[in-house]
Amino acid sequence: MKTTADLIPAQLEAFKTEIKHLKGTAATDENKAAGLNIINHHASRLQLLDLNLSQQDARTILATAYKSI
């Protein structure tokens with residue numbers, strides 16, 4: 001059975017895979033909206049995995065993951 005410790009890294013990898021295609025693209029309204037939707041989706045998932053995370057904490061974690069792409 002997978003634990004939260006297993007699922008959080010998997011969630012971060014899923015985020016990186018999903019947002020990677022937007023990195024380096026033009027900052028159009030469409031690309032910004034797509035990026036925001038991806039961030040909100042994965043931030044919510046992280047909060048479900050760790051109920052102590054605030055929305056801001058989850059976004060900070062995702063920002064750090066994004067920088068590593």
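User: Is leucine 51 buried or exposed, and how do I read that?

Analyst: Start with the cut-off: a residue counts as exposed over 50% relative accessible area. In this predicted model, leucine 51 has 73% relative accessibility, so leucine 51 counts as exposed.

User: Where does leucine 51 lie?

Analyst: Leucine 51 lies in the loop between H2 and H3. For a sense of distance, take leucine 7, which is 44 residues away along the chain. The two C-alpha atoms are separated by 14 Å.

User: Which elements does the protein chain have, and how do they run?

Analyst: The protein chain has three helices and zero strands. From the N terminus on, the order is α-α-α. The C-alpha atoms fill a box of roughly 40 × 20 × 15 Å along the principal axes.

User: How do I read the packing of H1 and H2?

Analyst: Look at the angle between their N-to-C directions; over 145 degrees counts as roughly antiparallel. Helix H1 (residues 4–19) and H2 pack at about 180 degrees, with axes 10 Å apart. H1 and H2 are therefore roughly antiparallel to each other.

User: Which residues meet there?

Analyst: On the H1 side, they include Leu7, Gln11, Phe15 and Glu18. On the H2 side, they include Ile38, His42, Arg45 and Leu49. By class, this contact has ten nonpolar, four polar and two charged residues.

User: Take histidine 42 from that list. Is histidine 42 buried or exposed?

Analyst: The cut-off for buried is under 20% relative accessible area. Histidine 42 has 2%, so histidine 42 is buried. Histidine 42 lies in helix H2, which covers residues 29–49.

User: What does histidine 42 touch?

Analyst: Leave out residues up to four places away in sequence. Then histidine 42 touches Gln11, Ala14, Phe15, Glu18 and Leu62.

User: What about asparagine 40: where does it lie, and how accessible is it?

Analyst: Asparagine 40 also lies in helix H2. Partly exposed is the range between buried and exposed. Asparagine 40 has a relative accessible area of 26%, so asparagine 40 is partly exposed.

User: Which residues does asparagine 40 touch?

Analyst: Asparagine 40 touches Gln55 and Arg59, not counting residues up to four places away in sequence. Asparagine 40 and glutamine 55 are 15 residues apart in sequence. Their C-alpha atoms are 8.7 Å apart in space.

User: Which residues form the largest nonpolar core?

Analyst: Such a core joins buried nonpolar residues through side-chain atoms within 4.5 Å. The largest one here has eleven residues, among them Leu12, Phe15, Ile38, Ala43, Leu46 and Leu62. H1, H2 and helix H3 (55–67) each supply at least two residues of this core.

User: Now the whole chain. What share of the residues is buried?

Analyst: Buried residues make up 20% of the 69 residues in the protein chain.

User: How many of the contacts join residues at least 24 apart?

Analyst: Count contacts between residues at least 6 apart in sequence. Among these, 49% join residues at least 24 apart.

Notes:
Residues are numbered from 1 along each chain as its sequence is written. This is a predicted model: local features need pLDDT of at least 70, side-chain atom pairs count only at pLDDT 80 or more; totals for chains, interfaces and linings use all residues. Side-chain values use heavy atoms; hydrogens and water are left out. Helices (H or I, at least four residues) and strands (E, at least two) are DSSP runs, numbered from the N terminus. Buried means under 20% relative accessible area, exposed over 50%, partly exposed in between (1.4 Å probe, protein chains only). Contact means heavy atoms within 4.5 Å. Axes are lines fitted to C-alpha atoms, for helices over the stretch in contact, and angles run from 0 to 180 degrees between N-to-C directions. Angles under 35 degrees count as roughly parallel, over 145 as roughly antiparallel, 65 to 115 as roughly perpendicular and the rest as oblique. Ala, Val, Leu, Ile, Met, Phe, Trp, Tyr, Cys and Pro count as nonpolar, Asp, Glu, Lys and Arg as charged, and the others, Gly among them, as polar.
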